[in-house]
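Here are some notes to read with the structure open beside you.

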Amino acid sequence: MLGAQQREEALVDIFDIIILLVVGILGALYFYRAYIFGGEEKTSPPATSVKSMTKKKNKDFIQKMKEQDKNAVFFYGSQTGTAEDYASRLAKEGQQRFGLKTMTVNLEDCDMELLDQFPEDCMAFFLLATYGEGEPTDDAVEFWELMISESPEFSNNIQADENPLSSLRYVVFALGNKTYEHFNAVGRKVDTRLSELGATRVAEKGEGDDDGSLEEDFLGWKEGMWKAVCEAMNIDQNALHNGRHIATYSIKELEVYDEDKVFYGELNEKAITINGTRPNYDAKHPYPAFIRHSRELFNVLDRNCVHMELDITGSGLTYESGDHVAIWPMNPEQDVYKLLKVLGLSEKKDQVVMIENTDPLASKKYPFPVPTTYATIFRNYLDIHAPASRQFIATLANYMPTQESKAKLTTLGEDKEAYRIQVVDAHLTLGELLESVSQNEKPLEAIPLDLIIETLPRLQCRYYSISSTPKVTPTAIHITASVLKYNPHTTPTKTVYGLATNYLLQVHRKLENIEHPNKAPYYLYSGPRNKLHDESTNTIKLALHVRHNNFKLPHDLETPVIMVGPGTGVAPFRGFVLERAKFKSEGEKVGDTVLFFGCRKSNEDFLYSEELKELFATLGEKGKLITAFSREQDKKVYVQHRLLENAEYIWDLIYNHGAYFYVCGDAKSMARDVNETLVQIAQNHGKMAEARATSFVKDLRNQGKYLEDVWS
């Protein structure tokens, strides 16, 4: 009995110990759960700036209008920064010329369900870009969905047919490109829908065409618009403000600062304050991707095309074939130093400065991440590579030191034709323009730097069609970039270099230890705080993020696909073909896979020639690679000609087998010609009249079976 009792007491003691251990472990897990499991409750970093970034953004723009006493709000939806730039310019002009109390806001920062509370004595301006196939920009998606809803829900719960927006007065400026099927679709739809919901259209909708002269469209529209707005808001145009320059931003040179908090090209605070954790990488926080591999695709000396493979292992980024990847470039050092010199800032290029909005209630307190340096502003934050706008040049004339230089800029600012020939066609950058009017290389120090900061658009990322598939390379994104370089016909001795593609070319040359030409643009590829380049291993990273789109393969593998992609338009189709060939090699049934590829010569610029031949061999008899080499015969042959030669086959796939039809490449000529060719095929082989054939092709688009990924 005693032995049994001792065993029992021993078991109890052990059991008690086990209970205590379990309780202790569970307690530890609870208190340290944020560290162990990475749940929602995370200890905030000590930096105050990071804490502020985690606060939920107040999207009540009505409240802000009342608190800040604003009577004109400029809403923008922008993909490349142009709509944002126009919104800022209009807001500034409204303030200086007409005494409006203006506020500029990004649509994604607003709860647009509050639009039914918009004060009836105020004015709303909508500057809306259309992206791709009639799609809204990324920052306008929620607003777009609200607008296209049959029963939009606003804050006061008034039904759509009861004029919920009756207090709203508005104007719209739409930005797009006429080479696209759905030109300015977003701006047009919003303009119509606002009116349908009871809002009052104060001025006719403006439409800008990026394929023509977007700037001239904008300038031509706004004068009539301002007249209508002044009448609606009872502004006496005979007693207008003189339009003198009022600084939007104050610039303070810092003598004392925390070096760890200075921005040298980073896009937000997280990039310099958070270490050891993985943030969500997106357009506002790109991922620094290591370049696994890089190579040239052309076999000619005077043209370049770069293939790069970017490692996204551990980033949390995902993609599908057909998606886009955004690459964040920087301005070349030649342009940076030219502008610093002409503004008299060369000796202070590394001076740390703080730049803040002079209006303490402004919705946008800083123009870009600050504090920063003068050199960084021009290298990473402002687009100094594009030609300056005509309106900006006219303003700059007021700060010229001589009558001669003032007269020159005044002419360029007022004469559309002179501006087109000397600035746009010649691709005259701001640095080149100011250099041309400075006497004896004397700096133009009278030009307010805040004027340049508020006027020049932010440097934007460049988008490329991803040329790989996650089915084959889930942790790598491939890009195919044709390097832009040309001599303008108005200034044939000058060479213009594409900003991002020449950046990629220089990076490729560095990786492959190829000498970089002296006259070519030079980029500081080491990046902010030298984080993008490791000299010891000769490795380089590129800042990127992924943008998903609707340019996708059909879900059913047996559905036929027809792809038309000359030049670098083949990029997404390489991903498509890789994907279907992989499934075919695994024993899956794969439908007809047809690729029409075109280039100049088969031995010069036939991209991925050997690889494509192998992939189509894998696809077998249902895989067809049809080529058009335009300069290998007397008469040029393009992809649309090959389409006609295979018209019966193409028509059978589309009409009888439900094939998907894809086009990628030049929007202005190729894509339009391909569309017309398909209409012609429908006429000839579908026995349709022209109107019916046109309608048939349009229906394919509406059904999502005719998809384009094109650019101009």
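1. Let's start with Arg-97 and Glu-93, which sit 4 residues apart in helix 5 (residues 82-98) and are therefore separated by about one helical turn. An α-helix has 3.6 residues a turn, so residues three or four places apart point the same way. In this predicted model, the two side chains meet in a salt bridge, with 2.4 Å from N to O. Arg-97 is partly exposed at 26% relative accessible area, whereas Glu-93 is buried at 9%.

2. A search of the whole structure gives 39 salt bridges. One of them joins the side chains of Lys-70 and Asp-359, at 3.0 Å from N to O. Lys-70 is in the loop between helix 4 (61-68) and strand 1 (72-77), and Asp-359 is in the loop between strand 12 (352-357) and strand 13 (372-373), so this pair ties together parts that are 289 residues apart in sequence.

3. Next, please look at Asp-311 and Arg-292, which form a salt bridge whose closest N and O atoms are 3.1 Å apart. This pair links distant parts of the chain, with Asp-311 in strand 10 (residues 305-311) and Arg-292 in strand 9 (residues 287-296), 19 residues apart. Asp-311 is buried, with a relative accessible area of 15%. Arg-292 has 38% and is partly exposed.

4. Which residues make up a network of them? Arg-188, Asp-191, Arg-201, Lys-205 and Glu-207 are linked in this way.

5. Now for the rings. A pair of aromatic rings is described by the distance of the centres and the angle of the planes. The whole structure holds 28 aromatic pairs. Among them is the stacked pair of Phe-597 and Phe-606, with 5.1 Å centre to centre and 20 degrees between the planes. Phe-597 is buried at 0% relative accessibility, and Phe-606 is buried at 9%.

6. Why does the pair of Tyr-660 and Tyr-662 count as stacked? The planes of the two rings are at 25 degrees, with the centres 6.3 Å apart, and the cut-off for stacking is under 30 degrees. Tyr-662 is buried, with a relative accessible area of 0%. Both tyrosines belong to one aromatic cluster, together with Phe-551, Phe-573 and Phe-576.

7. Two arginines deserve a check against aromatic rings. The charged end of Arg-547 sits over the ring of Tyr-463, 3.5 Å from the ring centre. Arg-303 lies over the face of Phe-298, and here the distance to the ring centre is 4.8 Å.

8. Glu-454 is found in helix 16 (residues 449-455). With 17% relative accessibility, Glu-454 counts as buried, because the limit for that is under 20%. Which side chain does the side chain of Glu-454 make a polar contact with? The partner is the side chain of Thr-248, at 2.9 Å. Setting aside neighbours within four places in sequence, Glu-454 is in contact with Lys-92, His-245, Ile-246, Thr-248 and Tyr-249.

9. Thr-179 is buried, with a relative accessible area of 10%. The side chains of Thr-179 and Asn-177 are joined by a polar contact of 2.4 Å. Beyond neighbours within four places in sequence, the contacts of Thr-179 are Asp-211, Ala-667, Lys-668, Arg-672 and Ser-712.

Definitions and conventions:
Residues are numbered from 1 along each chain as its sequence is written. This is a predicted model: local features need pLDDT of at least 70, side-chain atom pairs count only at pLDDT 80 or more; totals for chains, interfaces and linings use all residues. Side-chain values use heavy atoms; hydrogens and water are left out. Helices (H or I, at least four residues) and strands (E, at least two) are DSSP runs, numbered from the N terminus. Buried means under 20% relative accessible area, exposed over 50%, partly exposed in between (1.4 Å probe, protein chains only). A polar contact is a pair of N or O atoms within 3.5 Å; within protein, one must be able to donate a hydrogen and the other to accept it, and residues adjacent in sequence count only if both atoms are side-chain atoms. Contact means heavy atoms within 4.5 Å. Rings of Phe, Tyr and Trp (its six-membered ring) pair if their centres lie within 6.5 Å; planes under 30 degrees apart count as stacked, over 60 as edge-to-face and the rest as tilted. A charge sits over a ring if NZ of Lys or CZ of Arg is within 6 Å of the ring centre and within 35 degrees of the ring normal. A salt bridge is a side-chain nitrogen of Lys or Arg within 4 Å of a carboxyl oxygen of Asp or Glu.
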